[in-house]
Amino acid sequence: MKKTIHNVLLFSLAMLIGILGASCGTKSYINVNYRLPLSSYDLKGKKVFLEIKDMRSHQAVFSEKASTKFKNFTGLFLLSLSENEKNDYVAGAFDLPSLFETAFSKRLENMGIEILTEQKETEPVIEIDLKKFILDLADRKWIAEISYEARLIKENRILARETISANAKRYKWRSQGDVEKVLGEIFTDLVNNIDFVQLFQQAEL
């Protein structure tokens with residue numbers, strides 16, 4: 001309940017600041033569209049606790065050069081979800097770790113997994129360690145580089161792991177629109193490319 005209220009407040013804050021900052025040329029938040037894969041329920045009946053850890057050595061989202069194009073950015077991402085043939089809907093406004101947590105929660109639930117609200121010793125933990133998340137601007141191109149490591153843990157033992165990384169480039173025709181498009185593409189690929197079925201098989205769970 002507290003988390004829902006928090007997300008609503010962040011969403012309202014992003015909308016308010018975005019309206020106030022519109023006159024300055026750029027929005028205070030970045031739109032990210034995540035496209036869910038088709039529901040599979042391959043892991044129906046599984047229960048996990050999902051934990052996101054921000055392990056980035058470089059905490060800024062934008063490089064120094066790219067940040068000049070997003071002077072009003074507050075660190076919030078407005079996440080919209082595309083599921084099957086349904087219309088997109090806004091999930092809320094999130095900081096970076098919460099953005100990944102929400103997307104991965106949806107992805108896991110899409111596979112039939114129940115996301116636990118509290119960690120239990122008898123149930124596994126899926127830990128997502130964010131390693132890199134940087135948006136750069138070079139030679140008239142937006143460059144997005146993101147990487148993370150997914151770990152399947154039970155009783156404080158790492159049973160399986162997989163590292164996912166990707167980068168994408170797009171010519172800078174419209175600053176805000178282009179960076180949002182390239183970010184949505186790479187974000188969708190990164191969240192969907194992790195093979196959770198194989199992760200559970202490796203862990204023999």
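**Figure 1. Glu155 lies in the loop between S7 and strand S8 (157-171).** The model shown here and in the other views is predicted. Phi of Glu155 is positive, about 55°, although Glu155 is not a glycine. Most residues other than glycine have a negative phi. The relative accessible area of Glu155 is 56%. Glu155 therefore counts as exposed, the cut-off being over 50%. Glu155 is also one of the residues that line the second largest pocket.

**Figure 2. The second largest pocket holds about 190 Å³ of space.** Strand S6 (125-138) and strand S7 (141-154) are the elements that give two or more residues to its lining. Among the lining residues are Val125 and Glu127, together with Ile153 and Lys154. Gln119, Lys120, Glu121 and Glu123 also line this pocket. Glu51, Glu155 and Asn156 complete the lining. By class, the lining has 7 charged residues, 2 polar and 2 nonpolar.

**Figure 3. Glu204 is found in the segment after helix H5 (196-203).** This is another residue other than glycine with a positive phi, here near 55°. Is Glu204 buried or exposed? Its relative accessibility is 73%, so Glu204 counts as exposed.

**Figure 4. Ala144 sits in strand S7.** Its relative accessible area is 0%. Ala144 is therefore buried, a class that takes values under 20%. Which residues does Ala144 touch, not counting those up to four places away in sequence? They are Ile134, Leu135, Ala166, Asn167, Ala168 and Ile186. Val179 is 35 residues from Ala144 along the chain. The C-alpha atoms of Ala144 and Val179 are separated by 8.3 Å.

**Figure 5. Thr188 is found in helix H4 (residues 175-193).** Thr188 has 4% relative accessibility, so it counts as buried. Leaving aside neighbours within four places in sequence, Thr188 is in contact with Asn33, Tyr34 and Arg35. Strand S1 spans residues 29-36.

**Figure 6. Asp42 lies in the loop between strand S1 (29-36) and S2.** Asp42 is exposed, with a relative accessible area of 53%. Not counting residues up to four places away in sequence, Asp42 touches Met111 and Val197. Where is Phe196 relative to Asp42? The two residues are 154 residues apart in sequence. In space, their C-alpha atoms are 9.3 Å apart.

**Figure 7. Helix H3 (residues 96-109) is mostly covered.** H3 has 14 residues. From its first C-alpha to its last, H3 reaches 20 Å. That is close to the 20 Å expected at 1.5 Å a residue. How many of the H3 residues are buried? The count is 10 of 14. Leu96, Leu99, Phe100, Ala103, Phe104 and Leu108 are among the buried residues. Ser98, Thr102, Ser105 and Arg107 are buried as well.

**Figure 8. Helix H1 (residues 2-21) has the lowest mean pLDDT among the elements, 47.** Strand S2 (residues 47-54) has the highest mean, 97. Over residues 7-11, the pLDDT is below 50. This stretch has 9 contacts in the model beyond near neighbours in sequence. The pLDDT also stays under 50 over residues 13-24. For residues 13-24, the model has 13 contacts beyond four places in sequence. Across the protein, the average pLDDT is 85. A score of at least 70 is reached by 85% of the residues.

**Figure 9. The protein has 5 helices and 8 strands.** From the N terminus on, their order is α-β-β-α-β-β-α-β-β-β-β-α-α. The protein has 205 residues, and 46% of them are buried. What share of the contacts with a separation of 6 or more comes from residues 24 or more positions apart? Such residues account for 72% of these contacts.

Definitions and conventions:
Residues are numbered from 1 along each chain as its sequence is written. This is a predicted model: local features need pLDDT of at least 70, side-chain atom pairs count only at pLDDT 80 or more; totals for chains, interfaces and linings use all residues. Side-chain values use heavy atoms; hydrogens and water are left out. On a 1 Å grid over the protein atoms alone, a cavity is a set of points where a 1.4 Å probe fits but cannot get out, and a pocket is an open set with protein on both sides within 12 Å along at least five of seven lines; lining residues have an atom within 4 Å of a point. Grid points are joined across faces, edges and corners, and a volume is the space filled by probe spheres set on the points. Helices (H or I, at least four residues) and strands (E, at least two) are DSSP runs, numbered from the N terminus. Ala, Val, Leu, Ile, Met, Phe, Trp, Tyr, Cys and Pro count as nonpolar, Asp, Glu, Lys and Arg as charged, and the others, Gly among them, as polar. Buried means under 20% relative accessible area, exposed over 50%, partly exposed in between (1.4 Å probe, protein chains only). pLDDT is the predictor's confidence in each residue, from 0 to 100. Contact means heavy atoms within 4.5 Å. The expected span of a helix is 1.5 Å times one less than its number of residues.
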